[in-house]
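Colleague: Could you walk me through this model, starting with one of the strand pairings?

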Amino acid sequence: MLKYSGKKTWLAAVIGVTVIAALTGCGGGSTNKVPGQGELVAPPKASGGTNAGTVAAKRTTYPLKIKDATGKEFTFAKAPERIASVSPAETETLYALGLGDKVVGVSDFCDYPAEVKSKPKLGSIVKPNEEALIAANADLIMTGVSMPTPTVEKLRELKVNLFKVEPKTIDDIINNIKLMGQIFDRQEQAEKLAASMEADRKKVADAVKDVKPEQKKKVFIEISPGWTVGKGEFIDELITAAGGVNVASSEKGYVQLSEEKVIAANPQVILYPKNLVDDSSKKNMDQLIRARSGWNQIDAVKNNKLVGVDDNMMSRPGPRITAALVEFAKGIYPDLVK
């Protein structure tokens, strides 16, 4: 197995507790038994004058009943005014929906867009600071894939209004954005954002649609030193949607692979997070990959097909995920995707 110091720091920076939970046992298996996104209990009606029913006129009618990914039912009498987020993906969504001025606190990992850095910090994405959460006095606190359901339930005992989403696919991510648009009465912005993301997805699908199965390139993605992702996660879907074949597709979830298996798979393209630096060696992923014994015989290394993608963009299931899809496709098929 590939082993590196600072492993948990790498994993937390790239994918949050999705991997850490598997290592420490703190996830309680919750990621496999909750739905990908919340569920409308009572679908909101469109209102707003003569153009009701068009995107521009969509307004949420309250009270609104919605179940989150844990199955808890929420009833919103009006759009929440004070919002906190302990999930970077959901923080990005709030800002993309024009709700930045209503955000009263974020996790220590939330750093996009730039203005979020000045917001009060509420602790980690795995287990936030309880005192800070209570002090934020938020009407609603958003959390996502990084927080295990047992932690959510424990925090709810403190009487904080915690709403969890758990997207596993691109469709889940887009649906969550629309759901948040309904909760916060930002349906017009959510629909426009979803349409933009769908346009990204269509651009890629159209570009790679003529690639025959036997021509599809084999892809290895290393999300942190020695770690990759198999079936059942949105990063694997990004590879597939970009027209590639994930060489770790026989695995499930986030896994540690041996160097020998990667060499034997002989990927034609290697994707990696370009912003990360190894804690021990101070080398970036590109340098680590090229320096490994025997990896100079892998087609991707021999042909210089190592592609760095922004680590937060590709690991956060939020509004930038289809931009990551475009970057994946450009890296795999540069002649097809511009």
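This is a predicted model: local features need pLDDT of at least 70, side-chain atom pairs count only at pLDDT 80 or more; totals for chains, interfaces and linings use all residues.

Colleague: Which way do β8 and β12 pair, and over how many bridges?

Modeller: Strands β8 (residues 218-221) and β12 (residues 269-273) pair in the parallel sense over 3 bridges; strands are DSSP runs of E with at least two residues, helices runs of H or I with at least four, and pairing takes at least two DSSP bridges.

Colleague: What sheet do they sit in?

Modeller: They belong to an open sheet of 4 strands with parallel pairing, in the order β10-β8-β12-β13. Because β10 (245-246) and β13 (306-309) stand at the edges with a single partner strand each, one side of each has no neighbour in the sheet.

Colleague: What is the order of the strands in the other open sheet?

Modeller: The order there is β5-β4-β6-β7, with 4 strands and parallel pairing. Its edges are β5 (103-106) and β7 (162-164), each with a single partner strand, so one side of each is left without a neighbour in the sheet.

Colleague: And which strands do Ile 83 and its opposite residue link?

Modeller: Ile 83 stands opposite Leu 140 in β6, and 3 bridges join the parallel strands β4 (residues 83-85) and β6 (residues 140-143).

Colleague: New topic: where is Glu 90?

Modeller: Glu 90 lies in helix α3, residues 88-96, and its side chain makes a polar contact with the side chain of Ser 87 at 2.5 Å (a donor and an acceptor, each N or O, within 3.5 Å; residues adjacent in sequence count only through side-chain atoms).

Definitions and conventions
Residues are numbered from 1 along each chain as its sequence is written. Side-chain values use heavy atoms; hydrogens and water are left out.
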